[in-house]
Amino acid sequence: MVLQTSQLEQKARQLLGDRGVSVVDIANLVMHLQKKYLPDLTLEECVDSVNSVLTKREVHNAILTGIQLDILAEEDKLLQPLQEIVTEDEGLYGIDEILALSIVNVYGSIGFTNYGYIDKVKPGILAELNSHEGPRVHTFLDDIVGAIAASAASRLAHQYPDRAQDITQ
Ligand SMILES: [Ca+2]
């Protein structure tokens, strides 16, 4: 049985919201990534681009899988040693980043560059998800959110090549 994309999208959006991430949070990351290149970019355009990324099945699958693993880790339901690795957000694990790349993959090489950058700088909601405070585990979610933002930023860069100011800087 193949689920309708709309069902997947609804569930993916609901899970993001449940985990404390709004479309505007992600749009603010997009703004952070693209403001330098598209000085007249509006938050509304960023929101539209995030919404467009959130229609893709690859993105739904990554969100559903990653958030599920975060939740299972919070509930102490993973097998050891994975339980400890995911809960501790162990630096050498790397599968959280690989999963998120399945999102960026859809949008080409600018997507990879943006993803690498935002993962290093961790502005806005990414800093909150990475604080490791409280009982919540966001080992997978932080990379997924970064990847959605990177993809939405790449969409804008491809969409407005003539508006972009010296993208090679
Ligand atoms: Ca992570």
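Tutor: The UniProt record, an unreviewed entry, places the feature "domain: YutG/PgpA" at residues 26-158. The model discussed here is predicted.

Student: Over residues 26-158, what percentage of the chain is helix?

Tutor: Strand accounts for 0% of residues 26-158.

Student: Which element gives the largest share of the largest nonpolar core?

Tutor: The largest nonpolar core has 44 residues, and those with the most contacts inside it include I144, V145, I148, A149 and A152. Elements giving two or more residues to this core include α1 (5-18), α2 (23-34), α4 (57-74) and α9 (141-159). The largest share, 11 residues, comes from α9.

Student: Which residues does I26 touch, not counting residues up to four places away in sequence?

Tutor: I26 is among the residues with the most contacts inside the largest nonpolar core. Leaving aside residues up to four places away in sequence, I26 touches V21, V50, V145, I148, A149 and A152.

Student: Are α4 and α6 roughly parallel or roughly antiparallel to each other?

Tutor: In this pair, E58, V59, A62, T65 and G66 of α4 meet D96, L99, A100, S102 and I103 of α6. The axes lie 8 Å apart, the packing angle is about 155°, and the crossing is left-handed. Angles over 145 degrees count as roughly antiparallel. Therefore α4 and α6 are roughly antiparallel.

How values were computed. Residues numbered from 1 in each chain as written. Predicted model: local features only at pLDDT ≥ 70, side-chain atom pairs only at ≥ 80, totals over all residues. Core = buried A, V, L, I, M, F, W, Y, C linked by C-beta atoms within 7 Å. Buried ≥ 20, exposed ≤ 12 C-beta atoms within 10 Å, placed from the backbone. Helix = DSSP H or I, 4+ residues; strand = E, 2+ residues; numbered from the N terminus. Contact = placed C-beta atoms within 7 Å. UniProt positions renumbered as here; feature names shortened; annotations may be inferred. Axes fitted to C-alpha atoms, helices over the stretch in contact; angles between N-to-C directions. Parallel < 35°, antiparallel > 145°, perpendicular 65-115°, else oblique. Left-handed = near helix turned anticlockwise from the far one by under 90°.
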